[in-house]
Amino acid sequence: PAASVTAAATGSASTGSVGSVTTVQNTTIYTVTVASGTNSYGSGNKYYIDGSVSPTLNLTEGSVFRFDQSDSSNSGHPLRFSTTANGTHAGGGASEYTTGVVTAGTPGSSGAYTQITVASGAPTLYYYCTNHSGMGGQANTP
């Protein structure tokens, strides 16, 4: 009789194997740096994602995206998500979006990152710095 096997892998480093079948979850890694620049919020310190100042990102539902904050320029600039433009700096009870989000390390130190597994039906998100207004941008969730 044929055997039925069900396997689930979670987390960016998880692997599962059955016989010769191996599953590794795909993770898109963005390199985050902080430098002076201008975005839709004005000028000052901004997040640069893979070298672009505060770009609008497309974070596909069901996919994993890691924002690598190892670069020393990230020190003091934790990247988080919100359903409100400019995150908690927008006022009016705006809050951090935490569904599927995990963080590791201290921004500006080796191994530091914020990672999101985009939920099915996730709203449009905005990435922002918890300490400083106007550093981030929009993340669409198609």
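Analyst: Two strands count as paired if DSSP finds at least two bridges between them. Keep in mind that this is a predicted model.

User: Okay, so how many bridges join E8 to strand E9, and in which sense do they run?

Analyst: Strands of a sheet pair through backbone hydrogen bonds, either parallel or antiparallel. Here, 2 bridges join E8 to E9 (residues 96–97), and the two run antiparallel. Within that pairing, phenylalanine 81 has tyrosine 97 in E9 as its bridge partner.

User: Which strand pairs with E8 over 4 bridges?

Analyst: That's E12 (residues 125–129), again in the antiparallel sense. Look for serine 82, which sits opposite tyrosine 126 of E12.

User: Are the faces of E8 covered or open?

Analyst: Both are covered. Leu79 and Phe81 are buried on one side of E8 (residues 79–82), and Arg80 and Ser82 are buried on the other.

User: Which residue forms a salt bridge with arginine 80?

Analyst: Side chains of opposite charge can pair when their charged atoms come close. In this model the partner is glutamate 96, with the closest N and O atoms 3.8 Å apart. Glutamate 96 lies in E9 and arginine 80 in E8, so the pair ties together parts 16 residues apart in sequence. Arginine 80 is buried at 17% relative accessible area, while glutamate 96 is partly exposed at 35%. A search of the whole structure finds 1 salt bridge.

User: What about the open sheet: what is the order of its 6 strands?

Analyst: Read it as E5-E4-E3-E7-E11-E10, with mixed pairing. The edge strands, E5 (52–53) and E10 (101–104), each pair on one side only. E10 pairs with E11 (residues 113–117) in the antiparallel sense over 4 bridges, and threonine 103 stands opposite threonine 114 in E11.

Note on methods. Residues are numbered from 1 along each chain as its sequence is written. This is a predicted model: local features need pLDDT of at least 70, side-chain atom pairs count only at pLDDT 80 or more; totals for chains, interfaces and linings use all residues. Side-chain values use heavy atoms; hydrogens and water are left out. Buried means under 20% relative accessible area, exposed over 50%, partly exposed in between (1.4 Å probe, protein chains only). A salt bridge is a side-chain nitrogen of Lys or Arg within 4 Å of a carboxyl oxygen of Asp or Glu.
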